[in-house]
Structures are given as C-alpha cells and as structure tokens.
Amino acid sequence: SVVVLEPYAAPAVPLEAPEIRPDAFAALSEAEIARLPVWHGNETAQIGDFFRVKGGRSADVRIAGHAGRVKHLGSGMAGGRLVIEGNAGAHVGAEMTGGRIIVEGDAGPWAGAEMRGGVLEIRGNADSHLAAAYAGSPRGMTGGLVLVHGSAGDLVGERMRRGIVAVAGDVGDYAGTGMLAGTLLVFGRLGRRPGAGLRRGT
C-alpha cells in the first residue's frame with residue numbers, strides 16, 4: 001500500500017513539516033497522519049489542513065503534486081520511500097540516515113544537508129548548500145548517496161565527510177569547500193574555487 005498526500009490548500013508562508021517522513025507513517029492510520037503537526041509561520045497546524053491523506057500504515061509515501069513551499073520533507077528519516085511528484089522545499093532529506101527520497105522536480109536549498117545515509121535523488125535542479133554543513137557545524141554529509149540529474153547551486157558538499165554526491169549538470173561556486181573526505185562528481189562545469197580548503201576526499 002502507498003500513503004498519498006495530495007496538496008489542496010496553498011500555505012501563505014512555507015510550511016515546516018519534518019513529520020512528513022515514511023518511517024513515521026508506517027505505524028499510523030490515515031486519520032493519525034492527517035493530525036500530525038506542521039508549522040505554518042509561527043502557528044501550529046496539521047498535515048490535514050494542507051493535504052488530503054489517502055492510506056495509512058505504509059512506509060511508501062507519495063506527495064501527488066508540487067511541495068516547493070514545504071520544508072524538511074523526509075528530514076531525519078531512517079527508512080522507507082518518499083516520492084515527491086513536483087518540487088520540494090528547503091531541507092528535503094536533511095539529516096536522513098536511511099531510505100530513499102525521489103524528487104521529480106527541483107529541490108530547494110540545503111537538500112541532503114548533513115545527510116548520514118540513504119539515497120536522495122533529485123531529477124531536476126538543486127539549489128545551494130546541497131549535502132552541506134549547517135552554520136557552525138564541523139561536518140556536512142557523512143554518508144549516503146545524492147544524485148542530481150540537473151544542476152546545483154553554490155557550496156555543494158561543503159565540509160563533506162563521507163558519501164557520494166553526483167551532479168549531472170553544472171554547479172556553482174565553492175563546490176567541495178572544506179571537504180574532509182567523500183566523493184563529489186560534477187559532469188558539467190564548475191564554478192569558482194572548487195575544493196577550497198579541501199583536506200582529503202575526491
């Protein structure tokens with residue numbers, strides 16, 4: 001079975017929705033998923049306020065439409081599969097440890113930030129800070145695989161420690177800045193100062 005989230009109400013400001021993760025849905029009914037909290041600006045709302053929920057008790061989740069104004073989709077997930085049929089907002093797959101996320105459109109900034117395992121596949125373009133470290137953190141990505149079919153922005157793989165990031169198109173400036181280890185593959189053009197401050201890695 002598949003849990004389907006169908007967007008029907010556009011948020012006035014981007015939603016913070018770290019509860020949308022397949023490993024959390026595996027033990028929940030349709031009604032319980034709809035009641036999970038999201039942040040709409042500084043107010044608490046529920047998933048059901050913005051998505052029609054169909055199905056439950058499955059770690060196979062599909063968002064049937066664009067979610068470009070929804071942040072933290074799949075953040076911290078440890079297993080299961082999340083497919084986003086359109087765009088995804090910032091922080092998709094951040095700090096995930098397992099499972100697979102497929103974004104069929106573009107991804108916002110900080111996709112896969114500090115990722116520790118699993119697979120993040122972006123079939124469009126990725127914004128800046130792909131698989132990078134958050135401000136003040138000594139390490140970015142420490143495991144897993146990130147695949148981008150299009151291009152990516154600045155600071156791809158910043159302070160990366162382990163794992164593989166592969167970008168089919170171009171990347172912006174400072175790709176691989178401060179890398180400690182891991183592999184960054186770019187099949188298009190590099191921006192300015194790739195590998196600045198690199199210690200190890202490829």
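Student: In this predicted model, is D170 buried, partly exposed or exposed?
Tutor: Buried means under 20% relative accessible area, and exposed means over 50%. D170 has 24% relative accessibility, so D170 counts as partly exposed.

Student: Which residue meets D170 in a salt bridge, and where do the two residues lie?
Tutor: D170 lies in the loop between strand 12 and strand 13. The partner lies in the segment after strand 13, so the pair ties together parts that are 19 residues apart in sequence. The N to O distance is 3.1 Å, and the partner is R189.

Student: Is R189 buried, partly exposed or exposed?
Tutor: The cut-off for exposed is over 50%. R189 has 62% relative accessibility, so R189 counts as exposed.

Student: Which residues does T177 touch, leaving out those up to four places away in sequence?
Tutor: T177 sits in the loop between strand 12 (162-167) and strand 13 (183-186). Buried means under 20%. T177 is at 18% relative accessibility, so T177 counts as buried. Its contacts are L155, G157, E158, R159 and A196.

Student: In strand 13, which residue is the bridge partner of V167?
Tutor: Strand 12 and strand 13 run parallel and are joined by four bridges. V167 in strand 12 also stands opposite V148. In strand 13, the partner of V167 is V186.

Student: How many bridges pair strand 11 with strand 12?
Tutor: Strand 11 covers residues 142-148. Strand 11 and strand 12 pair in the parallel sense, and the number of bridges is five.

Student: What accessible area do I164, L185 and F187 have together?
Tutor: F187 lies in the segment after strand 13. F187 is exposed, with a relative accessible area of 62%. With I164 and L185, F187 forms a nonpolar patch on the surface, and together they have about 290 Å².

Student: How many residues apart in sequence are the parts that R52 and E6 tie together?
Tutor: The side chains of R52 and E6 meet in a salt bridge, 4.0 Å from N to O. R52 lies in strand 5 (residues 51-54) and E6 in strand 1 (residues 3-7). R52 is partly exposed at 42%, and E6 is partly exposed at 27%. The separation is 46 residues.

Student: How far apart are the closest N and O atoms of R62 and E85?
Tutor: R62 is partly exposed at 25% relative accessibility. E85 is partly exposed as well, at 34%. The two form a salt bridge, and the closest N and O atoms are apart by 3.0 Å.

Student: How many salt bridges are found in the whole structure?
Tutor: Among the salt bridges are R52 with E6 and R62 with E85. A search of the whole structure finds 12.

Notes:
Residues are numbered from 1 along each chain as its sequence is written. This is a predicted model: local features need pLDDT of at least 70, side-chain atom pairs count only at pLDDT 80 or more; totals for chains, interfaces and linings use all residues. Side-chain values use heavy atoms; hydrogens and water are left out. Buried means under 20% relative accessible area, exposed over 50%, partly exposed in between (1.4 Å probe, protein chains only). Contact means heavy atoms within 4.5 Å. Two strands pair if DSSP finds at least two bridges between them. Patches are made of residues with over 30% relative accessible area and no salt bridge: like charges are joined within 9 Å, nonpolar side chains (Val, Leu, Ile, Met, Phe, Trp, Tyr) within 5 Å. Accessible areas come from the Shrake-Rupley method with a 1.4 Å probe; for residues, only the protein chains shown count as cover.
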